[in-house]
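Hello,

Here is the structure I promised to pass on to you. Please have it open while you read, as my notes follow below.

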Amino acid sequence: MIAPSSNTVVEPVTGALLATRNDVSVHFTRIRVTSISLDPADTRQFDQDSFTDAARLLGDARVDVVAWNGTSGSWLGPGRDERLCRAMEKVTGVPATTSTLAMRTALRTFGAGRPGLLTPYT
């Protein structure tokens, strides 16, 4: 899992969700995210290089999949996440996903025809 550096929730919640699973181990690395806005300095935090550098670190652990476990950046569109995944897959040799793409897949799987979105972001 790649998490935002300022996030204090994802690791404990993920651990709690998987507490009864003996067949899964989760490993984390972070990218620097300190502020969320449409300001260019903030959107640069989500540059592809940040993610590929973090993915490489997870690749050192020989993980089976890499996931961006953050919703910040999702306003940049699913196409951006698809490109991001391809770049992370290229540097790690394993499948990659993002929270945004996983949510989109889940909504389609469950037949959500017209979902709404509520966000704390600008």
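**Around phenylalanine 51**

Leaving aside neighbours within four places in sequence, phenylalanine 51 is in contact with Ile2, Ile31, Phe46, Trp68, Arg80, Leu84 and Met88. Please keep in mind that this is a predicted model. Phenylalanine 51 sits in helix α3, and with a relative accessibility of 0% this residue counts as buried, the cut-off being under 20%.

**The chain as a whole**

How many helices and strands does the chain have? There are five helices and four strands. Read from the N terminus, the elements follow the order β-α-β-α-α-β-α-β-α.

The C-alpha trace spans about 35 × 35 × 30 Å along its principal axes. For 122 residues, a compact globule would have a radius of gyration near 14 Å, and the 15 Å of this chain agrees with that. Buried residues account for 30% of the 122 residues. If you take the contacts between residues at least 6 apart in sequence, 69% of them join residues at least 24 apart.

**How α3 meets α4**

Back to the helix that holds phenylalanine 51. Helix α3 covers residues 48-60 and helix α4 covers residues 78-92; their axes come within 9 Å and cross at roughly 40°. Because of that angle, α3 is oblique to α4. The crossing of α3 past α4 is right-handed. On the α3 side the contact is made by Gln48, Phe51, Thr52, Ala55, Arg56 and Gly59, and on the α4 side by Arg80, Arg83, Leu84, Ala87, Met88, Val91 and Thr92. By type, the residues of this contact are six nonpolar, four polar and three charged. Among the α4 residues listed there, Arg80, Leu84 and Met88 are also in contact with phenylalanine 51.

**How α4 meets α5**

Helix α4 packs against helix α5 (residues 99-109) as well, at an angle of about 115° and with the axes 9 Å apart. Which hand does the crossing of α4 and α5 have, left or right? That crossing is left-handed. Here α4 contributes Pro78, Asp81, Glu82 and Cys85, while α5 contributes Thr100, Leu101 and Arg104. The residues of this contact divide into three nonpolar, one polar and three charged.

**Two more residues to look at**

Is threonine 14 buried or exposed? Its relative accessibility is 11%, so threonine 14 counts as buried. You will find threonine 14 in helix α1, residues 10-17. Not counting residues up to four places away in sequence, threonine 14 touches Val26, Phe28 and Asn69.

Most residues other than glycine have a negative phi. Arginine 62 is not a glycine, yet its phi is positive, at about 55°. Where does arginine 62 lie? Arginine 62 is in the loop between α3 and β3, the latter being residues 66-68. With a relative accessible area of 75%, over the 50% cut-off, arginine 62 is exposed.

Methods:
Residues are numbered from 1 along each chain as its sequence is written. This is a predicted model: local features need pLDDT of at least 70, side-chain atom pairs count only at pLDDT 80 or more; totals for chains, interfaces and linings use all residues. Side-chain values use heavy atoms; hydrogens and water are left out. Axes are lines fitted to C-alpha atoms, for helices over the stretch in contact, and angles run from 0 to 180 degrees between N-to-C directions. Helices (H or I, at least four residues) and strands (E, at least two) are DSSP runs, numbered from the N terminus. Angles under 35 degrees count as roughly parallel, over 145 as roughly antiparallel, 65 to 115 as roughly perpendicular and the rest as oblique. A crossing is left-handed if the near helix is turned anticlockwise from the far one by less than a right angle, and right-handed if clockwise. Contact means heavy atoms within 4.5 Å. Ala, Val, Leu, Ile, Met, Phe, Trp, Tyr, Cys and Pro count as nonpolar, Asp, Glu, Lys and Arg as charged, and the others, Gly among them, as polar. The radius of gyration is taken over C-alpha atoms; the globule rule is 2.2 Å times the number of residues to the power 0.38. Buried means under 20% relative accessible area, exposed over 50%, partly exposed in between (1.4 Å probe, protein chains only).
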